Amino acid sequence: MNKKSPAAREALLFSLLDKLFSGDITEGELLRTLRKELLEMSQTDYANMVGVSRRTLSDIERNAGSSTLAVLNAVFRPLGLKAGLVPRSPAMMRKMLIKKDSSEIEE
């Protein structure tokens, strides 16, 4: 097992979130990558930890089926994330993030 430093873990998370917000990866791909690369856990172990079946976790990671908000929050919680409403358009998401970033710089 190759433990990542806190800075490397944060960099991986930010990089993957950037790809998600750009539309380059899906929520399922984000979850699978973080589970494997950040936590280094099998589907079975992770599913047991968050209290869902391995099949449900597999479906989420493959973007198959439909999960409730409660289930999505349960599987993303250990990663410091929660499900929410975001713009469907990657361009709108970028615009929103840039606007937020520039307003924080002005403060």
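In the predicted model, the side chains of Arg62 and Asp59 are joined by a polar contact of 2.5 Å; a polar contact denotes a pair of N or O atoms within 3.5 Å, where, within protein, one must be able to donate a hydrogen and the other to accept it, and residues adjacent in sequence count only if both atoms are side-chain atoms. Arg62 is situated in the loop between H4 and H5. With a relative accessible area of 48%, Arg62 is partly exposed (buried means under 20% relative accessible area, exposed over 50%, and partly exposed in between, with a 1.4 Å probe and protein chains only). Between the C-alpha atoms of Arg62 and Leu97 the distance in space is 27 Å, at a separation of 35 residues in sequence.

Residues are numbered from 1 along each chain as its sequence is written. Because the model is predicted, local features need pLDDT of at least 70 and side-chain atom pairs count only at pLDDT 80 or more, while totals for chains, interfaces and linings use all residues; side-chain values use heavy atoms, with hydrogens and water left out.

The protein contains 6 helices and 0 strands, and its elements run α-α-α-α-α-α from the N terminus on. Helices (H or I, at least four residues) and strands (E, at least two) are DSSP runs, numbered from the N terminus. The C-alpha trace spans about 45 × 35 × 20 Å along its principal axes. Of the 107 residues, 29% are buried. The accessible surface amounts to about 7300 Å², with 54% belonging to carbon and sulfur atoms (Shrake-Rupley method, 1.4 Å probe; for residues, only the protein chains shown count as cover). Among contacts between residues at least 6 apart in sequence, 51% join residues at least 24 apart, contact meaning heavy atoms within 4.5 Å.

Helix H3 (residues 43–50) and helix H4 (residues 54–61) have axes that come within 8 Å and cross at roughly 110 degrees. Axes are lines fitted to C-alpha atoms, for helices over the stretch in contact, and angles run from 0 to 180 degrees between N-to-C directions. H3 and H4 are therefore roughly perpendicular (65 to 115 degrees; under 35 counts as roughly parallel, over 145 as roughly antiparallel and the rest as oblique). In this contact, Gln43, Thr44, Tyr46 and Ala47 of H3 meet Arg54, Leu57, Ser58 and Glu61 of H4. These residues comprise 3 nonpolar, 3 polar and 2 charged, where Ala, Val, Leu, Ile, Met, Phe, Trp, Tyr, Cys and Pro count as nonpolar, Asp, Glu, Lys and Arg as charged, and the others, Gly among them, as polar.

H4 also packs with helix H5 (residues 69–76) at an angle of about 90 degrees, the axes being 11 Å apart. Here Thr56, Leu57 and Ile60 of H4 meet Val71, Leu72 and Val75 of H5. By class, this contact has 5 nonpolar, 1 polar and no charged residues.

Gln43, located in helix H3, is buried at a relative accessible area of 18%. Its side chain makes polar contacts with the side chains of Arg54 (3.0 Å) and Glu61 (2.8 Å). Arg35, in helix H2 (residues 27–38), is buried, with a relative accessible area of 5%. The side chains of Arg35 and Glu61 are joined by a polar contact of 2.6 Å. Beyond its neighbours within four places in sequence, Arg35 is in contact with residues including Gln43, Tyr46, Leu57 and Glu61.
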